[in-house]
Amino acid sequence: MKHVLESVESQFEMFQILNEDGKIVNKEDLPDLSDEELKELMKRMVYTRILDQRSIALNRQGRLGFYAPTAGQEASQLGSHFALEKEDFILPGYRDVPQLIWHGLPLYQAFLFSRGHFHGNQMPEGVHALSPQIIIGAQYVQAAGVGLGMKMRGKKAVAITYTGDGGTSQGDFYEGINFAGAYGANCIFVVQNNGFAISVPRDKQTAAKTLAQKAVAAGIEGIQVDGMDVLAVYAATKHARERAINGEGPMLLELMTYRYGPHTMAGDDPTRYRTSEMDSEWEKKDPLVRFRKYLEGKKLWSEEEENKVIEEAKEDIKNAIKEADKYPKQKVTDLMSNMFETLPGNLQEQMEEYKAKESK
Amino acid sequence: MAQMTMIQAITDAMRTELKNDENVLVFGEDVGQNGGVFRATEGLQKEFGEDRVFDTPLAESGIGGLAIGLGLQGYRPVPEIQFFGFVYEVMDSISGQMARMRYRSGGTHTSPITVRSPFGGGVHTPELHADSLEGLIAQQPGVKVVIPSTPYDAKGLLIASIRDNDPVVFLEHMKLYRSFRGEVPEEEYTIELGKADVKREGKDVTIVTYGAMVHASLKAAEELEKDGVSVEVIDLRTVSPIDTETILESVKKTNRVVVVQEAQRQAGIASHVISEIQERAILHLEAPILRVAAPDTVYAFSEAEEVWLPNHKDIVEKVNSVMNF
C-alpha cells in the first residue's frame, strides 16, 4: 500500500517574498510594482488599520453595530485586492469590508452596513461586488456562478471570494471550488486562515496539514501564502488572476494570517482561547511592520507620510460617520419596495397599511 | 392549437424562452444530452448548444449558487432540482440567498431565477422523491411558488416565471406529467403569476386546491353533482402569494369552503388559505372551513401511497360534512 499524505503535503510549502525583518527572501517572484504602487499599498494598509481601531471604538460607543475586526489581516485583504481590476467581482465574507471599500464602496455605506441599513448594501454603479455574506460558504458557490458567467461572456475579469479557515469545513466551500473547477470558471478562492473560527482552532477543523491542499479535491491549483506578507499575497493573487483570465481555471489561495482582535464585537473574548504568547508571536509578523521596514529601506516611506495617512483616515471616518448619521431612517415601506420588482397582492395591501401608519 | 402532455408543454415553454432570450440558461443534473430524467429538456441541448443547456456536477447547493452567480452576470437561469425532496440541500441558496437578493442589496442586484422541480405522489417513487414541500418555500418572503395542474397552465405559467425578474420555484407534479393531454397554443403566451383559475363553476361549496388535487377535486365535483351539490373548484396555480381576491369572490357566493392539498395536514399551504378566508369573510360562512390533507406522517412507503394519499373520496366526504354542518 502506498501512502500519499506526505507527498501531497510537500506540494504546499508556504510562499513568501518578504520576511519578518522586511527583507526580500524570494527575488524571483518579486512582483513588478512601481514606487507609487508600493506606497499606495502601504497607505491602504495603514488606513485600514486605523479604520479597524476607529471601528472598534465607534462600536463600543454604540455608533456602529455588527463589526468583525480586521487588524492583522491587512496584507491578506488588501494585498489580494490590490491585484484586482475594477471589472472584477468581489463576493466578500462578513470580515471582508475593507476589500469593498477599496473597490469603491463609500465609507459611510460600509458604516450603514454595520448598523443594519439597506443603503449600506446598495453598491454604487460600477462597483462590482455583493455586500458581505453572513452564511459561511454561500459566497463560494455563488462565486462559481459569477466566474462561469464571466467566462461565458468572454470577459477578461475574475470573481474573487473570501472565507476563513472554519469556512473550509462547509459543503458549499467544496462545492464552490469543485463547480468552478469542472467549468474552468474565472474564479479566485481565498481562504484567510487566521488560526481560529471564533474559539475553535484550525486543527479542530480538519486533519489536513494545509488548507491549500483542499484544492486537490477539486482538481484545481492551490497555494499556501504568507498572509502577513503583502508582496507574496499580491503576487499570488495576480498570478491566479492571470491564469483565470487566460482560461486556465480557478485557483485556491490559503493566506496564513492572524486577527489581533476578537472574532466580532458581539461579546467574543479571545483570552478564553488564545494565549498572550500567541498574540505577541503574531505581532512580530505584523504586515505593517515588515512592509514599513521594506519601504523605509527603499526610502519610500517615512513617519511623516504615515502620520498623514493616519490623519486622513481619521478625518474620512469622522465625516463618514456624520454622513451615515444624516442618512434617512428606514421605513417599513422602504423594506417592502425592495422585495420584488412588482409587489404581489399581500405586499400591496401591507404597503397601504404602513403608508397610513407612517403618515401619522 | 396542439394536444400536449404537461411535460411537452413545459419543454415547449423552455424552448420558447431559450429562443426569445439569449440570457436564458437551462442546467441541472442530466438535463443536457440526456434531456432530463423525465425528458423535460429533451432536444434542447441539441437545438441551443451546450452553452445554453448543460449538465452540472451532482450537488444541489452548488446548482443554486451557480444560478445566483449567473444571475449576477445578467443571465436568466432556469436550474432544475431533480426531485424536490432534494431541496433541503439547496434551502440556503433558495430561501437564504436568491429570495433575499433584491432586498438585501436594496434593489442593486436581482435573482431572475426559475427553479424547476418535480414532486408529487401516486407513481411509486423511492424515498424523498414525492414529498410535497411547497409549504416550506411558501413561507419565505421574496420567492414565488407556482404549481400548474394542466398543460395549458404549465406553459403559460412557466414562460411568465422565466420572464419574472424575481425568483420563482416552479413545481411540477410527476403524476400530471403524462397522465392526460390538453389543448396548448403553439405560439407564446403568459399566465399572470399570483392569479388563481376557476376550473369549475358552482354555487354550493368552494374547493380551493392545487397540483394533482385539482383533478381529484374535479372528479369529486362530478360525483357530488349527481347528489345535487354544485361545487366550484378553484385552482390556485400560484401557492405563494395566493390569490385571495378570487377565493373571496367564490366564498361570498357559496358560503362553504373545503381546502384540498396532497401535503400533510401540518404542511402545505391550506392553513394559510383558511386564515385568509376567516379574517376576510367569516360573516359569509355557513360552516367551518375543512381541510383535506395527508396524515401527519413522513411521506408513505410507495406500497402505502393508495391508502395514504388524499383522493376524490376523501374530498366527497369532507364536502358532505361541510354541506351537512
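Trainee: Which residues in α3(A) are buried?
Mentor: In α3(A), the buried residues are A:Glu74, A:Ala75, A:Ser76, A:Gln77, A:Leu78, A:Gly79, A:Ser80, A:His81 and A:Phe82. Buried means under 20% relative accessible area, exposed means over 50%, and partly exposed lies in between, with a 1.4 Å probe and protein chains only.

Trainee: What kind of model is this, and how are its parts numbered?
Mentor: This is a predicted model, in which local features need pLDDT of at least 70, side-chain atom pairs count only at pLDDT 80 or more, and totals for chains, interfaces and linings use all residues. Residues are numbered from 1 along each chain as its sequence is written, chains are lettered from A and ligands numbered from 1 in the order in which they are written, and side-chain values use heavy atoms, with hydrogens and water left out.

Trainee: What stretch does α3 of chain A span, and is it mostly covered or uncovered?
Mentor: Helix α3 of chain A spans residues 74–82 and is mostly covered, with nine of its nine residues buried. Helices (H or I, at least four residues) and strands (E, at least two) are DSSP runs, numbered from the N terminus.

Trainee: How many helices and strands does chain A have?
Mentor: Chain A contains 14 helices and seven strands, and 58% of its 360 residues are buried.

Trainee: And chain B, how many of each?
Mentor: Chain B contains 12 helices and 14 strands. Of its 325 residues, 65% are buried.

Trainee: What does the radius of gyration say about chain A?
Mentor: Chain A agrees with the compact-globule expectation, because 360 residues would give a radius near 21 Å and the chain has 21 Å. The radius is taken over C-alpha atoms, and the globule rule is 2.2 Å times the number of residues to the power 0.38. Along the principal axes, the C-alpha atoms of chain A fill a box of roughly 70 × 55 × 45 Å.

Trainee: Changing topic: how confident is the predictor?
Mentor: Chain B averages a pLDDT of 98, and 100% of its residues score at least 70. That score is the predictor's confidence in each residue, from 0 to 100. For the complex, the predictor gives an ipTM of 0.97 and a pTM of 0.98.

Trainee: Which peptide bond is cis?
Mentor: The bond from B:Ser240 to B:Pro241 is cis, with omega near -5°. B:Pro241 sits in the loop of chain B between β12 (238–240) and α9 (244–254).

Trainee: What is phi at B:Asp30 and B:Asn255?
Mentor: Phi is near 70° at B:Asp30 and near 65° at B:Asn255, each a positive value in a residue other than glycine. B:Asp30 is in the loop between β2 (24–28) and α2 (44–48) of chain B, and it counts as partly exposed because its relative accessibility is 35%. B:Asn255 is in the loop between α9 and β13 (257–264) of chain B.

Trainee: Is B:Val205 buried or exposed, and why?
Mentor: B:Val205 counts as buried because its relative accessibility is 0%. B:Val205 lies in strand β10 (residues 205–209) of chain B. Leaving aside neighbours within four places in sequence, its contacts include B:Val229, B:Val231, B:Arg256 and B:Met323.

Trainee: How far is B:Val205 from B:Asn23?
Mentor: B:Val205 and B:Asn23 are 45 Å apart in space, C-alpha to C-alpha, and 182 residues apart in sequence.

Trainee: Which residues does B:Gly142 touch?
Mentor: Not counting residues up to four places away in sequence, B:Gly142 touches A:Met339, A:Phe340, B:Ala99 and B:Pro167. B:Gly142 lies in the loop between α6 (134–138) and β6 (144–146) of chain B. At 2% relative accessibility, B:Gly142 counts as buried. Its C-alpha atom is separated by 8.2 Å from that of B:Arg102, 40 residues apart along the chain.

Key: Contact = heavy atoms within 4.5 Å.
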